[in-house]
Amino acid sequence: MGKRSKQFIEKLQKNRTLIGSLILIITLLWGYAWVLMKQALDYMGPFTFSSFRFGVGAITLLVVAWIMKVGLPPKQYWKHIFVIGILQTAIVFLLVMYGLRFVDAGKSSVLLYSMPMWSSLLAAKYLNERLTLAKSSGLIIGMLGLLTILGWDIWMGQSIEIIIGEVLIIIAAISWAIANIYYRKKVQDLPQLQVSAFQMFFGTIAIMVVTLIMESNEQLLLNAQSIYYILFTGIFASALCFTVWFLILSLIDMVSATISTLLVPMFGLIFSSFLLGEKITLGVFAGSVMIIIGIIIAQINQPMRGKPLEE
């Protein structure tokens, strides 16, 4: 890192207002991205969109890594980064985008960001982290929130496609949590930017393979609108936000960073309501509040350790 970069980071670290503003901006962009992900399905299949989005994102992130002279990961880590790419980029967004065909964007963002609960549960088993009273209470409250959302939809007679879509997004959240645990066990000593750039590259290749198999004959409509969706989610919501997030992770503790990501589903719900006309039902509202409270309680006494970047 150059002298000017160090001076910039030192100044930024002292400016809490600017750090807070950066967190607000990137969580706003991530929340807004859920709207674009939903709208993109009017122009192409879910896997095709994911291929375009993460293709653009991976190229941009690799360029950023090259500019910052991060370098290639050591050979012994390539297989682990590949596994993380499959878990964190490929499986998560293949399931999320398919689920978005049936589930509202705002509700989808809430279900996916239940990830910290699953991470806490898995960490207790595979990282030998103690499941404290706070963590246990948070997990129970969060799980009740998920059941509230699913149960409300079942009680209200929602279609089986919606229920299946919600389950797929919850599975995506679990896959993301598994990627976090794997990261901690295998590659946490590597630079986070390096891991994120190369795992996204590997994940994108896997998404493209699935796209060729599943959607090679599906309609693809590229115009100004659909290209905007691809470029915004690929460059801004993926590569740019991730790069800024790496900087934030080096400046604040992990607990504050994790809790701040709860702004994403909140913004997702708000943007989806205003821009897509999605109704925030009592079940979604109550379940969302319970999930957010549960994650805060479970995370509040967590050790300050790194984990893969939120997408």
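These are my notebook entries on a predicted model of one protein chain.

**Ground rules.** I number residues from 1 along each chain as its sequence is written, and I keep in mind that local features need pLDDT of at least 70, that side-chain atom pairs count only at pLDDT 80 or more, and that totals for chains, interfaces and linings use all residues. Side-chain values use heavy atoms, with hydrogens and water left out.

**Whole chain.** I looked up the secondary structure and found 13 helices and zero strands, where helices (H or I, at least four residues) and strands (E, at least two) are DSSP runs numbered from the N terminus. Of the 311 residues, 52% count as buried; buried means under 20% relative accessible area, exposed over 50%, and partly exposed in between (1.4 Å probe, protein chains only). I then turned to contacts, meaning heavy atoms within 4.5 Å, and noted that among those between residues at least 6 apart in sequence, 90% join residues at least 24 apart. The accessible surface comes to about 14,400 Å², and 68% of that belongs to carbon and sulfur atoms; such areas come from the Shrake-Rupley method with a 1.4 Å probe, and for residues only the protein chains shown count as cover.

**Helix α10.** Helix α10 spans residues 224–249 and holds serine 226, which counts as buried because its relative accessibility is 1%. The side chain of serine 226 reaches the backbone nitrogen of asparagine 223 at 2.9 Å. Not counting residues up to four places away in sequence, I find serine 226 touching Tyr43, Met44 and Leu221.

Phenylalanine 242 also lies in helix α10, and I record it as buried because its relative accessible area is 0%. Its C-alpha atom is separated by 9.9 Å from that of glutamine 192, which is 50 residues apart from it along the chain.

Phenylalanine 236, too, has its place in helix α10, but I list phenylalanine 236 as partly exposed because its relative accessible area is 38%.

**Helix α3.** Last, I looked up serine 50, which sits in helix α3 (residues 46–67) and is buried, with a relative accessible area of 1%. Leaving aside neighbours within four places in sequence, serine 50 is in contact with Gly55, Phe93, Met97 and Ile207.

Terms used
A polar contact is a pair of N or O atoms within 3.5 Å; within protein, one must be able to donate a hydrogen and the other to accept it, and residues adjacent in sequence count only if both atoms are side-chain atoms.
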